[in-house]
Amino acid sequence: GQKSKVAFARTLYAKSEILLLDEPTNHLDEKTKRYVTDYLKNIKETIIVVSHDTDFLNEISNVTLYLDKRTKQIEKYKCGYQEFIKLKKEKDKELENLLTSQEKEIKKLEDIVLKYKTSSGKRKRMAQDREKKLEKLKQNKVYIPKAYKEVKMKMEIERQSNKIPLKVENLYFKYDENNKDYIIENLSFELNRGEKFLVVGPNGVGKSTLSRVIMGDNNYKVLNGEIIFNGENITKMTPDVRSKLGIFLAMQNPLEIDGVSNQDFLRTAMSSHLGKQVGLYEFIKKCEVANEELKMDKNLIHRSLNVGFSGGEKKKNEVLQLKLLKPSFIILDELDSGLDVDSLKIVAKNIADYKKDNPNTSILIITHLTNILEYIKPDYVHIIGAGKIVSNGDYELAKKIEKEGYNEFVTKSNKIQEELEHE
């Protein structure tokens with residue numbers, strides 16, 4: 001962002017008659033972007049700008065040059081970007097109608113030529129005349145570039161997980177060493193390959209904290225026990241290393257990072273995971289497909305990461321990351337909170353489709369609601385209380401909790417806590 005500001009200031013200081021600006025709003029915070037936009041709207045110099053920021057283009061542009069990569073041609077529209085989109089659609093429709101008419105006429109002429117070209121007299125001359133017309137019509141036939149084919153992405157994980165990808169053994173952790181109370185005490189469980197594992201419990205028992213500890217959040221201190229992932233002890237590994245191993249956490253409250261575009265963040269993350277730079281074209285095409293499947297506003301990819309996003313948009317953006325990074329172990333920490341009915345259905349369906357394409361992917365779900373479970377039905381349900389798993393079962397247990405609450409299990413966890421304190 002600071003580099004972009006300096007580059008823009010240098011351009012203005014040069015006092016040129018023509019300003020050439022390549023993605024000038026990239027990396028800028030909202031305040032600076034607003035300043036740049038207002039400044040450019042009011043200067044007299046000619047500006048040629050290349051940008052994917054449609055809000056920015058709508059405000060500053062009054063002429064649009066459209067470069068079609070497929071035809072290698074530039075078309076000039078004497079209007080701003082928003083009006084250009086409208087006119088381009090109308091023009092494309094007119095060309096499609098003209099092409100349809102021409103193809104009908106070509107078919108008609110071809111039939112006449114084929115029928116009478118071996119005849120004699122007037123019919124032969126008619127066939128010859130129609131053949132000349134046919135040749136001329138084909139030469140002047142409207143050319144409409146083939147649209148990019150619709151892409152159906154199949155997200156295949158690149159790393160086969162172990163039969164038991166996640167194993168938590170005798171885990172104890174606190175928020176920090178100075179706090180005398182453990183959040184989780186002596187917790188042990190295993191998650192098998194391909195399983196969907198639901199963790200529930202009353203507020204404050206450490207469900208979300210557990211997800212962060214598995215992901216390696218250094219705000220929490222693991223004092224004893226181990227976290228084993230695909231046979232490897234990851235207890236002391238940093239979050240980025242765990243991510244590269246195939247662990248993904250869809251956070252309850254995704255972080256906002258002003259000045260870092262969503263596009264740059266995602267492309268950098270993909271490149272880091274793959275160990276090579278992801279090409280811009282490849283990245284854009286994958287994003288376009290994923291955005292369409294998630295029904296996301298296409299402009300979100302150009303904005304600062306999660307800044308100004310609604311709760312639902314943040315959650316969809318988490319799933320966008322999931323689809324691009326292709327993890328083998330997914331943690332969903334209250335992904336359904338903040339989603340309306342339609343958005344929940346879209347998000348859950350995308351995760352369910354990912355699981356269908358990658359059946360060996362394991363999923364740990366943390367939620368207070370059961371709506372998402374209609375789309376991602378858990379194989380096992382575990383209730384946490386007093387730092388331990390106090391009860392487990394299948395999907396029926398989740399439905400029981402929805403109807404009756406946690407009272408029965410809170411009583412059980414209190415008894416366990418009393419026994420622990422007595423010891």
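Which residue does Leu332 stand opposite in E14? Leu332 stands opposite Ile365. This is a predicted model: local features need pLDDT of at least 70, side-chain atom pairs count only at pLDDT 80 or more, and totals for chains, interfaces and linings use all residues. Residues are numbered from 1 along each chain as its sequence is written, and side-chain values use heavy atoms, with hydrogens and water left out.

**Overall picture**
- The protein has 13 helices and 16 strands. Both are DSSP runs numbered from the N terminus: helices are H or I with at least four residues, strands are E with at least two.
- Of the 423 residues, 43% are buried (under 20% relative accessible area; exposed is over 50%, partly exposed in between; 1.4 Å probe, protein chains only).
- The protein exposes about 24900 Å², and carbon and sulfur atoms supply 48% of it (Shrake-Rupley method, 1.4 Å probe; for residues, only the protein chains shown count as cover).
- Take contacts (heavy atoms within 4.5 Å) between residues at least 6 apart in sequence: 66% join residues at least 24 apart.

**Strand E13**
- Strand E10 (residues 247-250) runs parallel to E13, joined by 4 bridges. Phe248 stands opposite Ile330.
- Strand E14 (residues 362-366) also runs parallel to E13, with 5 bridges.

**An open sheet**
- In the order E6-E5-E8-E9, 4 strands form an open sheet with antiparallel pairing (two strands pair if DSSP finds at least two bridges between them).
- Strand E6 (184-191) and strand E9 (232-233) are the edges, each pairing on one side only.
- Helix H6 (residues 207-215) packs on this sheet and touches E5 (166-174), E6 and E8. The direction of H6 makes about 110° with that of E5 (axes are lines fitted to C-alpha atoms, for helices over the stretch in contact; angles run from 0 to 180 degrees between N-to-C directions).
- Strand E8 (residues 221-229) pairs with E9 over 2 bridges. The partner of Phe229 in E9 is Glu232.

**A surface patch**
- Val63, Leu65, Leu67 and Ile74 form a nonpolar surface patch, with about 410 Å² of accessible area together.
- Val63 lies in the loop between helix H3 (54-60) and strand E3 (64-68). Val63 is partly exposed, at a relative accessible area of 39%.

Key:
Patch = residues over 30% accessible without salt bridge, like charges linked within 9 Å, V, L, I, M, F, W, Y side chains within 5 Å. Salt bridge = Lys/Arg side-chain N within 4 Å of Asp/Glu carboxyl O.
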